[in-house]
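Biologist: I would be grateful for a close look at a single part of this model, namely the contact surfaces. Please describe them in one connected account.

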4 protein chains.
Amino acid sequence: MTEDYLYFGSDYLEGAHERVLERLIEVNRQPAAGYGSDSHSERAYDLIRQACDCPHATVHFFVGGTQTNATVIRALLRPYQGVLAPNTGHINVHEAGAIELGGHKVLPLPSHEGKLTAQAVEDWVTTFYADANHVHSVYPGMVYVSQPTELGTLYSLAELEALSAVCRWHQLPLFIDGARLAYALASPSNDVSLADLARLTDVFYIGGTKCGTLLGEAVVISNPSLLPHFFTVMKQGGAVLAKGRVLGVQFEVMFEDGFYQVIGREAVAATQAIQDCLVANGYELVDRSVTNQVFVRLPKVLVPIWSDKVQYATWELAEDYVVVRLTTAWSTRPEQVTDLCDFIAQHPAQS
Amino acid sequence: MTEDYLYFGSDYLEGAHERVLERLIEVNRQPAAGYGSDSHSERAYDLIRQACDCPHATVHFFVGGTQTNATVIRALLRPYQGVLAPNTGHINVHEAGAIELGGHKVLPLPSHEGKLTAQAVEDWVTTFYADANHVHSVYPGMVYVSQPTELGTLYSLAELEALSAVCRWHQLPLFIDGARLAYALASPSNDVSLADLARLTDVFYIGGTKCGTLLGEAVVISNPSLLPHFFTVMKQGGAVLAKGRVLGVQFEVMFEDGFYQVIGREAVAATQAIQDCLVANGYELVDRSVTNQVFVRLPKVLVPIWSDKVQYATWELAEDYVVVRLTTAWSTRPEQVTDLCDFIAQHPAQS
Amino acid sequence: MTEDYLYFGSDYLEGAHERVLERLIEVNRQPAAGYGSDSHSERAYDLIRQACDCPHATVHFFVGGTQTNATVIRALLRPYQGVLAPNTGHINVHEAGAIELGGHKVLPLPSHEGKLTAQAVEDWVTTFYADANHVHSVYPGMVYVSQPTELGTLYSLAELEALSAVCRWHQLPLFIDGARLAYALASPSNDVSLADLARLTDVFYIGGTKCGTLLGEAVVISNPSLLPHFFTVMKQGGAVLAKGRVLGVQFEVMFEDGFYQVIGREAVAATQAIQDCLVANGYELVDRSVTNQVFVRLPKVLVPIWSDKVQYATWELAEDYVVVRLTTAWSTRPEQVTDLCDFIAQHPAQS
Amino acid sequence: MTEDYLYFGSDYLEGAHERVLERLIEVNRQPAAGYGSDSHSERAYDLIRQACDCPHATVHFFVGGTQTNATVIRALLRPYQGVLAPNTGHINVHEAGAIELGGHKVLPLPSHEGKLTAQAVEDWVTTFYADANHVHSVYPGMVYVSQPTELGTLYSLAELEALSAVCRWHQLPLFIDGARLAYALASPSNDVSLADLARLTDVFYIGGTKCGTLLGEAVVISNPSLLPHFFTVMKQGGAVLAKGRVLGVQFEVMFEDGFYQVIGREAVAATQAIQDCLVANGYELVDRSVTNQVFVRLPKVLVPIWSDKVQYATWELAEDYVVVRLTTAWSTRPEQVTDLCDFIAQHPAQS
């Protein structure tokens, strides 16, 4: 790893935004109630409710995404139910069986560009109930999707409205994983607001870890009647911090003055610049990204040169190329983007 | 709540020790690998191994105690086994069924002053196997105790050696919950070192949340062969942080220059002063505490006066008195102790 | 084991009542629908509903008690809840962690003669909610008791009415384990009918295995709205037989002409005779039994003589005596009782 | 449903083979030890060990397939592991989440004619470990397949040897579901003996419910060191019968004089006759079956005529036809086959 290594491997490479750190220092010695009932957490809950235009929502803070997904899903489902998810969904592949640990099956549905369509849900549910033997199978109990998706794509408002409508028709709670939500909100392509998410889902979460905090995710329960005694379900899953203030203070900062809405802007602009540069230099994008992740086909001959200089994530191995993911974040600096573009220009894909 | 309210309600009231916060700021913008494989975590693992004189141990960081207990216990037990614990043990009362969520029964044993004796374990196990029908019951699979205990008492080295010996005889892994371990290590009454813990247990954890960090607990696996693929079990339980650095940096600080060994000293001295003062003013202690928690019987007539001025935890309701817990911490300041003692002197128990 | 060994070890020693076997033979080659939807099962459901005077009840057949208890409890509870049970309850001791496998804690309450009082439930629940920290603990979610109890005692109608009332007040479903229910119904001391059970509980089960069938227990859900999609929960727990007819046919026989109400009579009469004989010969009963189990203190010097001649279950080891259980059943023959009484008379306790 | 309705809907339509019933009657009043330790069960274990040429195997009886699969899989896997299965495997589709209830993920692999190839397992495992992030995913912990498969096909000895070898190379226990094993053993196309199954697997089960008993499946653990305290795991899962004799007596009959080896012969011959007749009358088979299940494409126009006269299972709905399953069994009588063939001849597919 050389001095001038270029870090684009993930969006959790650095600590927290300085505004967050400064506030943690400022309030460090204030005595605070435990378990999320301190005044900073309470104020953060209020700010989030306001940002979501959903005054009746309840808000809870978690430390990470796997725990959030596992806890919400376990709390929503009854024993005979499973969770419908796109086959590329995080809970279906990279969570080590966290959903199954809670006793539930993930029911993977075909997806397109990481997204699940309303039609796919409708078809699956209709086929399920049409099967005379469906009582021997796991019932559909809820729907899980991500915004942005694991592939960096976005649901449009129209797509989400349709998905929400089909979920409500079938009485399936809709839960959205927003681990990278700041990069959706900051995308010029996005037309889905926090208020839309609150209106169209039953539960969703607003990612902090990948969006500027040291750690933390904020679960917004827009339909609280579905999740009685949710605090105790969290506790049972080990998802409650004694010093809940640590999360409360951070989200308080993130939701003051609409900070969360803008923190992802440079990252999204950076992926546009990087993609322009890749294309200009003969690289093939898997798909044009509108958020903070770029998926590009790296010719195999260039792998040694790239890996020597650029930190990236390997996504898929093919015969002649490797699909790699380059990720920007709130912490990405303009000079890093410039350096990456210079590197790309020096090593074009065509030869 | 008045300006000069006295906070003795818990040991997680304030943020982190300033040394911890400063280091978090210092390294904030260093890019770091995720999931506990960054250089700060790696160095912290080394420092902990050294402090425990246990070079072959593996170390993992968790965010909180419930999750730590649930994950370690789930990873150690087979389906037909349960965990033996003192009936006052945290996992038996205040963890909302976290152990049962993993499919295992907590088998509560009689305890004395919050402690489980070697003899009690021996008797239970002998009785279990003597029952001709024991194959219809949950097998003993491991032993869980806390140091200090939930009642603020300490196992002596001799007691722990005996407990460890009986566990090894019966091939029951011994797991020690050290949520408040700094206050044991700082107690003049203590004769159990970190190295003793590593030597006598199979797994134990070193508390951070209540001992000076923003959050975090360090699990030390002194017998790693018992816990293959423990990282994946952690991940499955939602116990892995993407930004593992947040925990690594904090424990790095705590284990530099033996800091963890001394951080609890003022808190332990403070409980001595408070207890002296209580006794001198006619209050009856449940038991003389040697760590950072004081349990005292508060006559019912004094409850309104105390609750107006002092934050404490209500432990048990009796006819004429209330058992309350006063807790000191690394963050307790001398003037707070002085103020509390002044208050006690003004409101003696006898009148 | 000699030719004239006397079998009083359990109530599952022999096969099925001849009426049951004959019917199984009679219908053996009739083709029948699977999974409990055959005509014999349907008729048995009806007969049971009639016997319980509960036309809206749903009925399901299980193969054994552990599975029944585990499935009903898992279906009734939400993740944050546990089941209140007398500390002597079967689910707390001899079911190998079956309830915990479903993710739930058994919350043992003090019992008297194997019974749980309405007051004990009221006190526990009141204390639970009075604890300011109760959100960190397992919530009470239902109540489990047995009729007859594991100690052979009976709840009176008044006791059951009180227990039911306190459960309804606190919205805790009441579930009664009737593994030996035929011996309650046949007891002159009993004043609780099947209709009372249906009226006062939300779910209860009628034991077959110990009461005359080859195997099988009938779950009566008097409050079906609590258990949606119960068939699928059963299937998930492996509790559904492909050839459901095997259970349906047997319960059809048991509930024709009130047969279940009378099948236990000889067994109950036999325990009275045996107890009279024991007392007359100086033996000390633990308690006078009114159903089909006798608990008696066997002086240690008599153990070799008894064990040579009588099959019994060892219940508890004391200094000078052993508590043993003698069990009668629908299959006990008068000459066996006579032989046992002769043996007792030849070996009186006093000498 | 007319008098002369033709039952080919499943292989669990009738009771038990008369030899089984007669023995149950014969031994009905013999007192027997409980929970599978009676003399009939012990003898059945011996007969099965002999039939499998595997003297060190342990044998356990279960009541049904879902419970058997769930219990064996739960006992074999550690928390971080899942079970590899063909995507058409019973545990992946029709067991209502029974595997997930135990906390484990089913990892579906592509299959061909219901079978999993050694190569498919090898590829999956290699790809899994090649993924640098595999520690975030469920580990492969065992392999599950069925003989015959859910589609009526058979693994050849060569295929099974290859599958077993790849499992052993990767230390993945191999478990075979033999719910319909009698129909494999009776097939002229079969070259896999019970001894082969014992030699090549770690655990497999011999189906009773669909092969002549009232109920029951016999688990053969050819590698007992993998499953310590298996009885208690069974008990925990509610899979132990108090009157274990009910299963022991039936399997004793099934394994006397090689009865299990031959009981499926007529059923297999019948499927040949039915397939010949179908083909002769213009029907298209999905695949030529060599066991007791026939899968045939029924033109939609013929559905009303067929369903009026023949009980069958609907397998799949297509545009112009319906795939239906016709099943024969030990209980199928020659005249039923003749009647079905007559019906087919009267209603040919071409018109």
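Modeller: The account below begins with conventions, then turns to the contact surfaces and ends with some backbone details.

Residues are numbered from 1 along each chain as its sequence is written, while chains are lettered from A and ligands numbered from 1 in the order in which they are written. This is a predicted model, in which local features need pLDDT of at least 70, side-chain atom pairs count only at pLDDT 80 or more, and totals for chains, interfaces and linings use all residues; side-chain values use heavy atoms, with hydrogens and water left out.

Chain A itself comes first. Its secondary structure comprises 15 helices and 13 strands; helices (H or I, at least four residues) and strands (E, at least two) are DSSP runs numbered from the N terminus. The C-alpha trace of chain A spans about 60 × 60 × 35 Å along its principal axes. The radius of gyration of chain A is 21 Å, in agreement with the value near 20 Å that a compact globule of 351 residues would have. That radius is taken over C-alpha atoms, and the globule rule is 2.2 Å times the number of residues to the power 0.38.

The contact with chain B is described next. The superposition is by least squares on the C-alpha atoms of residues with pLDDT of at least 70 in both copies. The same surface serves both copies, as 100% of the contact residues of chain A recur in chain B. Here contact means heavy atoms within 4.5 Å, and 44 residues from chain A meet 44 residues from chain B.

The size of an interface is often given as the accessible area lost when the parts come together. Buried area is accordingly the accessible area (1.4 Å probe) that two parts lose on being put together, summed over both. Between chain A and chain B this area is about 4,100 Å², with carbon and sulfur atoms giving 59%.

Four salt bridges are counted between chain A and chain B, each being a side-chain nitrogen of Lys or Arg within 4 Å of a carboxyl oxygen of Asp or Glu. Glu14(B) forms a salt bridge with Arg29(A), their closest N and O atoms being 3.0 Å apart. Chain A and chain B also have 28 residue pairs in polar contact (both at pLDDT 80 or more). A polar contact is a pair of N or O atoms within 3.5 Å; within protein, one must be able to donate a hydrogen and the other to accept it, and residues adjacent in sequence count only if both atoms are side-chain atoms.

On the side of chain A that touches chain B, the elements giving two or more residues are helix 1 (18-26), helix 3 (65-76), helix 5 (98-101), helix 10 (230-236) and helix 11 (245-254) of chain A. Helix 1 of chain A gives the most, with four residues. By class, this side has 20 nonpolar, 15 polar and nine charged residues. Ala, Val, Leu, Ile, Met, Phe, Trp, Tyr, Cys and Pro count as nonpolar, Asp, Glu, Lys and Arg as charged, and the others, Gly among them, as polar.

Chain A superposes on chain C (RMSD 0.0 Å) by a rotation of 180° with 0.0 Å of shift along its axis. Arg78(A) comes closest to that rotation axis of the residues of chain A, at 3.9 Å (C-alpha). Contact joins 20 residues of chain A to 20 residues of chain C. The area buried between chain A and chain C is about 1,800 Å², 59% of it on carbon and sulfur atoms. Arg78(A), Tyr80(A) and His136(A) supply 33% of the area that chain A buries against chain C, more than any other three residues.

Helix 3 and helix 10 of chain A are the elements that give two or more residues to the side of chain A that touches chain C. Helix 10 of chain A has the largest share of that side, five residues.

Finally, the peptide bond from Gln147(B) to Pro148(B) is cis, with omega near -10°.
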